[in-house]
Amino acid sequence: MAQNRNDLLAVLAVVKKYNLKGTEELLKKEAGLIDIPENVAGEAEVNSVLAAYKSEGDPDIYENSYMELRKFVDDSLDIYKHELALILYPVLVHMYIELVYNSHEEQAKKLITKFGPEQEYYYQDELARLSMVTKRDQMSGNDITDTFKSNAFTIRISRDTLSLLKRHLHEKKASVILNIVNEHMYFDLYEGVARNKAQCDATSGAMTGEAKRQDNKIKVYYGLLKEPDVQTLQPAAPPEEDDDMDPDAPDKPKKKKPKKDPLYSKKPKSDPNAPPLDRIPLPKLKDVDKMEKVKALREASKRVNLGPDSLPSICMYTLLNANYTVTCADLCEDSSLIAVGFSDSSIRVWSMTPVKLREMKSAEQLKEIDRDAEDVLIRMLDDRKAELCRTLCGHSGPIYRTSFAPDRTMMLSCSEDCTIRLWSLHTWTCVVVYKGHQFSVWDVRFSPHGHYFVSCSHDKTARLWSTDSHQPLRIFAGHLADVDVCIFHPNSNYVATGSSDRSVRLWDVCVGNHHRLLTGHKAPIYSLAFSMCGRYLASGSADNRVLIWDLAHGHLIAALTGHGATVHSMCFSRDGTILATGGLDCALKLWDFTKLVDDISGENVNVSHNPDVRDGEPYLLRTFPTKQSPFLTLHFTRRNLLLGVGMYELGV
C-alpha cells in the first residue's frame, strides 16, 4: 500500500508541475489523497519519477544503468569495493527478469550475454538456466525466477558502505537500480570496518546471498545427553561365606572380595550445554539396550587414542564388477553389518563377522519356544537358515541411502520411487512403507537414539518421522533447491541438512524451525558430519572443500581444501581427534581436528561479522590414494579402526 501511495503522489507531483488544477482535484478526490501538503515533490523528485516511468518504456536504460553501477564499484576505495561488488549479481538478475517481463527479449539477452560471464563462477549455472527464460509466460513455475521474486537477496554490509551506495544512487538518479535495491535486496547492517575480499568470499555463494545475523542468534543446545546409568545391570556379587565360623577348615585361606568393574562405577556426567532430557520424548532403554551400551563401553576402553603421531589403521572394502550399479553403502554402529544399495532397486546386506545372518523361525516353531527364557531372542532365530548375504527387494527405483537402527534389528532405505522402507533384519522383509515426499528421496538417517528418523528429497523439504507412524511428525521447509543430505545431531534434538541451494541449515526437531543458516559453499552439499562433542559441524561439497562450522555462534571457522572432486563422505574418529574425508577423486584425507579446535578456542569471536576463516593446510595429516575407487562411505569402528567402502571404476 505504501508503494501505491508513493506512485499516486508521484503522479500528483507531475500534475502540479504542469498546473493542471482540474485534474489535480479529481485525482485527489478519487484516490482519497486528503490533507496533502502543497509542495508534494521538488524539481529533482519529479524528474526522478519521470525517469522511473520512462525506464519501463526504454529498455536500453538498463544496460547503461548497470555499466554506471559497475564503474562506481570499480572506482570505489578498496576498503568498500568488495562489499559493493556483492550487489552486482542480484541487480543483473532482476534487470533480466524485468526486461523479460516487459517483453524486451533482445535487450535482456544482450544484457546477460554481455555481463553474465563477469559474475562469480558459482553463479554461472543459475545464469545459464535463467537465460533459457526468454518469454513472460515461461516465468510462472520457473524455479529461478520464483526464487528471486519471492526471496530478498541478503548482503551483509557495513553502515559506511551502504551510505556510500545510497548516496551514489540518489545522485545519479538511478531509479532502475534503486527500485531493485529497495524491493528485492536485504542489507544486514553492522557497525565497523567493511570486510575484505577474503571475508566476503567466505560466506557468499548461496542462491539468495548470505545468512542474516538474526538467523544464527537463537541458542542451540549442542551438548550431549547424559548417558544412561548402567549400574543397575551390575552382576550381583556371590554371598560371602563366613569361613571363620567353620571349625573343619581352620587353615582355609579367606576368599578375596570381587573387584568392582570400573565400567559400572563410573557415574555419567552432565553437559552444561545439553538440552533438558525431557525436551523431546525418547524411547526408554530396555535391559538389552543397556547391555549393548556396556559392550560398547568395553570396546571403547580398548580403542587406540589417535593423533598426529598415531594415525588410524585403514581397511578399504572395494566393490568389484559394480560399475554403474552400486549407488550407496552403509555400515552399522558396531561395524558388524554392511548394506549396499543398487541401481536395480535391490539392497544387499552382508555380515562383516563370522556370525551369519539368521532368519526368524516359522510361526509354528515359535509357538514351542518358552517366552520367559532369558535367551528368548536367540531361540527365535533359526541357525539352519543362516546366510552370509541377504537380498532385500521392494523398491521400484535406484536406492540412494540405507541406514541401520542403533540396535541393528531394523534398517531404512530410500529410493527414486519417492518412498522410504523399513526392513526387519529378523525376518528380512519390508514391514512399513513411508509415503509423503513428492519426488526422489535422496537421504534417510536413523536418530542415534532410535525410534526417529529423518529424510530429505528433491521436493526441497526434509521430514522427521517416527517408526510407529506412517505420517511425518515435522516438515522442514525453507531450502530453495534439492535437499541432498541430512543427519541427526548426536543428542537427537537437531537435524542438519545440506542443499543444492549451497546452504546448510540446522533444524530444531522440537519446534520445526531452522536455528542456524550457514552459507559459504559454492556448490551443492553432499556430506555432513557432527563432531563427537556436538559443537562443530563439517560439510563436504561439490566445490571440493570441507567447511567446519561452530554451531554455538553459527560461524565458519575453517575451510579444508585439497580434494580434487566432490567430497562424498566424512567421519569423525570415536575420540573426536581426527576427521576423515573421502572424495570422488579416489583420495582419503585425515585432518587434525584437535589442533584446529585448540587454535580457535583462544580467539575472540567477532560477533558483528564472521571471523577470519582458517586455511586447512596446517591441519592435513596425510592423504591416502586408492587406485580407482571413489569413496561411498567412511566409518570408524568402536576401537578407532577406519573402514572405507568404494567401488572400482574403470577409467577414473
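**A pair of helices and their surroundings**

Tutor: Let's start with a crossing: helix 4 and helix 7 cross in the right-handed sense, where right-handed means that the near helix is turned clockwise from the far one by less than a right angle, and left-handed means anticlockwise. Before going on, this is a predicted model, where local features need pLDDT of at least 70, side-chain atom pairs count only at pLDDT 80 or more, and totals for chains, interfaces and linings use all residues. Residues are numbered from 1 along each chain as its sequence is written, and side-chain values use heavy atoms, with hydrogens and water left out.

Helices here are DSSP runs of H or I with at least four residues, numbered from the N terminus. Two packed helices are described by the angle between their axes and the distance between the axes.

Who makes the contact (heavy atoms within 4.5 Å)? From helix 4 come Asp60, Tyr62, Glu63, Tyr66, Met67 and Arg70, and from helix 7 come Gln107, Lys110, Leu111, Lys114 and Phe115.

Now look for Tyr62, Tyr66 and Leu111 again: they are among the residues touched by Met95, along with Ser65, Val176, Ile177 and Ile180, not counting residues up to four places away in sequence. Met95 belongs to the largest nonpolar core, which has 47 residues; Met95, Leu165, Met185 and Phe187 touch the most other members. Helix 6 (residues 88-101) gives the most to this core, with 10 residues. A nonpolar core is a set of buried Ala, Val, Leu, Ile, Met, Phe, Trp, Tyr and Cys residues joined through side-chain atoms within 4.5 Å. Buried means under 20% relative accessible area, exposed over 50%, and partly exposed in between, using a 1.4 Å probe and protein chains only.

A second, separate core has 19 residues, including Val220, Tyr494, Leu518 and Leu556.

One last stop is His168, found in helix 10 (residues 159-172). His168 is buried, with a relative accessible area of 11%. Leaving aside neighbours within four places in sequence, His168 is in contact with Glu68 and Phe72.

Key:
Helices (H or I, at least four residues) and strands (E, at least two) are DSSP runs, numbered from the N terminus. Contact means heavy atoms within 4.5 Å.
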